[in-house]
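Hi everyone, thanks for making time.

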Amino acid sequence: MSAKEASQAMPYAGLRVIDLSQGIAGPSCGSLLARQGADVIKVEPPAGDWGRLMGDGREGLTPISIGANVGKRALCVDATSDTGKALLLRLIAEADIVIESFRPGVMEALGLAYETTSATNLRLIQVSINGFGSSGPYRDRPGSDSVLQAISGMMAMNRDSAGSPRRIGMMIVDAACGVYAAQSVGGALFQRTRTGEGARIEVSLLEVVASLQTIPIIEHSLRGSGDITPATVPSGTFRTQDGYINVVALRNEMFFRLARALSHDEWTQRDEWSTNERRLRHANAINEAIAEVLVQDSTAHWITRLQEHDVLCAAVNDYDGFVSDPQVSHVGIFQRSHIGEWRDVPIAGVPGVSAIRDGGAGRAPRQGEHSREVLAGIGLSDAEIDALIVCGVVRESAPQCRMS
């Protein structure tokens, strides 16, 4: 199957999305839609998406701008001008979905409020992503991944052995928000098939970080204050002779298999270690006993040994180890890509979308790379596009970011 055929076979083929969002949360939602077949047009101001400025990168190509925008076409428009606003309204009039991540009130100031755009496009679905929601005392506060990790208890949940709160190393709230938003789009599209009408969806980072932590928040509510306790023992990371290994026993028989794999059959006879409830009370002693055994041999040795006894375990990989893992390679999770000056960059596919694994991941565009193509698609002539570029309302760049 060719890349074009794969795109046409995907679930969102035929949908047009105007992505006005910046950063990670909104753009990653748009990328998920694009990589499932939608035609997603990323619209940026002349200053560009701030994700193009974050982290290492060159000429607007950074890990953020690449990872959150794969599969899109890019248009650069100055929406502060009347002509730029008119262009956006024209694009939105023919769109199925609009994604925006401005603070509450900005879309209204731009003349792009949902009440305005949906008046001429009844089937339009607008996804509004913000930090804290469009009402309430935090309405106008700026929200970011780190701010939401702090306010939500996530940093406290992830505190170190000394008790100091720690931010989770990746932008997990933003990334999860993109997934939640894309899921909400799917629901709105399904509803539209019944009603014929679109809807406005609001997704806040505050809601996302709460939903993402449903289980630990319930756990805290049930047990009250105090140290976080594991759900099962053992469940943790242990040092080996040459690295680290993670070992988990979810049920009693799993713990007994672990004991036999470590050549300590006598552990299965210890009454105080016979059930998970009892093991929780003796967690330190159990973990110390396991640690003393695992450190005596290599990670590879223990992986083989534990798997022979059907024990849940895994080597603790870095990203190189994960990307080159034999199962990951077999499934085809990553597509190796040539992006700007970087070669062999791994881009993960969308879970459940087989076309991605057949080479349909698409490209990460430069700012304004498809400006001329997009405007021609809504009926503007070459002369009209040239005039818009000359007066600075529209900008374009040459395509240089390609996937191999």
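So, Phe132: buried or exposed? Its relative accessible area comes out at 9%, so Phe132 counts as buried. Bear in mind that this is a predicted model. Tyr138, on the other hand, is partly exposed, at 31%. Those two rings form an aromatic pair, edge-to-face, with 5.4 Å centre to centre and 80° between the planes.

How many aromatic pairs turn up if you search the whole structure? The search gives 5. Another one of them is Phe255 with Trp273, also edge-to-face, at 6.3 Å between centres and 80° between planes. Phe255 sits in helix H12, residues 252-261, while Trp273 is in the loop between H12 and helix H13, so this pair ties together parts that are 18 residues apart in sequence. Both Phe255 and Trp273 are buried.

Okay, over to a pair of helices. H2 covers residues 25-34 and H9 covers 172-195; their axes come within 7 Å and cross at roughly 50°. That makes H2 and H9 oblique to each other, and their crossing is right-handed.

Which residues do the touching? On the H2 side we have Ala25, Ser28, Cys29, Leu32 and Leu33. On the H9 side, the partners include Asp174, Ala175, Gly178, Ala182 and Val185. Sorted by class, the contact of H2 with H9 has 10 nonpolar, 2 polar and 1 charged residues.

Methods:
Residues numbered from 1 in each chain as written. Predicted model: local features only at pLDDT ≥ 70, side-chain atom pairs only at ≥ 80, totals over all residues. Heavy atoms only, no water. Axes fitted to C-alpha atoms, helices over the stretch in contact; angles between N-to-C directions. Helix = DSSP H or I, 4+ residues; strand = E, 2+ residues; numbered from the N terminus. Parallel < 35°, antiparallel > 145°, perpendicular 65-115°, else oblique. Left-handed = near helix turned anticlockwise from the far one by under 90°. Contact = heavy atoms within 4.5 Å. Nonpolar A, V, L, I, M, F, W, Y, C, P; charged D, E, K, R; others polar. Phe/Tyr/Trp six-rings, centres within 6.5 Å; stacked < 30°, edge-to-face > 60°. Buried < 20%, exposed > 50% of the residue type's maximum accessible area, 1.4 Å probe, protein only.
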